[in-house]
Amino acid sequence: RLVSYHKKYVRKSLEAVENGPNVIHHIGLEYTGPADFMKFWIRTIIEWEKETGRDVKLALNATKDVTDEILSDPELCAAVDVIDIRHWYYRTDGGLYAPPGGVSLAPRQYPRVMDAGSTDSGCVWKAVKEYRQRYPDKAVLYNSGRADGASWIAALAGASLCQLPQNPEAEGFDQRLALMEPISGSESCWAAGKAGTGYAAYTRSARVDLDLSTDKGSYRLLWLDPASLKALGKAVRLHGGKPLSLEAPAAECVAYLY
């Protein structure tokens, strides 16, 4: 009987917004339940899609073990559009904070029974880049452990819907960033880019090193304030075909090549 009630609820939720093409469905922000129920939820959605001909945008929001189990199943993986990294993160000690699913604990309760450790910028870069490259057909969201500059680093590693400022001074920045791929990450500088499209790098050391040896294109370099995306000076022309070492106008900047 409970199975039929759950199915009716899932289907009713889908029907309520079936005409909303930009709606992303997920099971719940605090879901830490078992893989079996997540599989049931996704398969119910797959059934509804086949019956109605609708395309559901589905976000996988679960503990890491459940996330990986779902993505290891070809049928269920194909139904997932978005991977939400929310209940786990890499730790600065090289370990992993990854509470198991199906223990009947809310996300806020797990740190009381296991060592949460700490995370940093490199951990954000590693998690996002790993899942983005493993599943290039899916969007990745990062909503886990906090770290300085996490939004910028997640975006450059390939994450979507990051909390970045908007500013028309950065010509075409959003559109170009969406086409870039992560190319390098260090303790103080993270960069993404694509030949012919452009490059972006977030630095906390007033220096950006970019290897454009295989890209002989010509670009304009504009330095941006990461908090506002306002231009820090005027754009200058530079050429690729070689490694570039760029001195930033401030200790924390974004280099934008377009």
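Predicted model: local features only at pLDDT ≥ 70, side-chain atom pairs only at ≥ 80, totals over all residues.

Me: How many helices and strands are in the protein?

Reply: The protein has seven helices and 14 strands. Both are DSSP runs numbered from the N terminus, helices being H or I with at least four residues and strands being E with at least two.

Me: What box do the C-alpha atoms fill, and how many residues count as buried?

Reply: Along the principal axes, the C-alpha atoms fill a box of roughly 65 × 45 × 30 Å. Of the 258 residues, 45% count as buried; buried means under 20% relative accessible area, exposed means over 50%, and partly exposed lies in between, with a 1.4 Å probe and protein chains only.

Me: What share of the contacts is between residues 24 or more positions apart?

Reply: Such residues account for 63% of the contacts with a separation of 6 or more, where contact means heavy atoms within 4.5 Å.

Me: On to the sheets. In what order do the six strands run, and is the pairing parallel or antiparallel?

Reply: The order is 7-8-9-14-11-12 in an open sheet, and the pairing is antiparallel. Two strands pair if DSSP finds at least two bridges between them. Strand 7 (181-185) and strand 12 (236-239) are at the edges with a single partner strand each, so one side of each has no neighbour in the sheet. Neighbouring strands of this sheet are turned by 25 degrees against each other on average, direction ignored.

Me: How many bridges join strand 7 and strand 8?

Reply: Strand 7 and strand 8 (residues 189-194) pair over four bridges in the antiparallel sense. Pro182 stands opposite Ala192 in strand 8.

Me: Which strands does helix 6 touch?

Reply: Helix 6 (residues 150-157) packs on the sheet and touches strand 7, strand 8, strand 9 (198-203) and strand 14 (253-257). Its direction makes about 150 degrees with that of strand 9. Axes are lines fitted to C-alpha atoms, for helices over the stretch in contact, and angles run from 0 to 180 degrees between N-to-C directions. Helix 5 (residues 121-134) lies across strand 7 and strand 8, at about 145 degrees to strand 7.

Me: And the sheet of four strands: what is its order?

Reply: That open sheet has the order 1-2-3-6, with parallel pairing. Strand 1 (24-25) and strand 6 (139-142) are its edges, each with a single partner strand, so one side of each is left without a neighbour in the sheet. Strand 1 pairs with strand 2 (residues 57-61) over two bridges in the parallel sense, and His25 stands opposite Leu58 in strand 2. Helix 2 (residues 35-52) packs on this sheet, touching strand 1 and strand 2, and its direction makes about 175 degrees with that of strand 2.

Me: Changing topic: where is Ser104, and is it buried or exposed?

Reply: Ser104 lies in the loop between strand 5 (96-97) and helix 5. Its phi is near 65 degrees, a positive value in a residue other than glycine. Ser104 counts as exposed, at 73% relative accessibility.

Me: What about Leu229: buried or exposed?

Reply: Leu229 is buried, with a relative accessible area of 1%. Leu229 is in the loop between strand 11 (218-224) and strand 12, and has a positive phi of about 60 degrees although it is not a glycine.

Methods:
Residues numbered from 1 in each chain as written. Heavy atoms only, no water.
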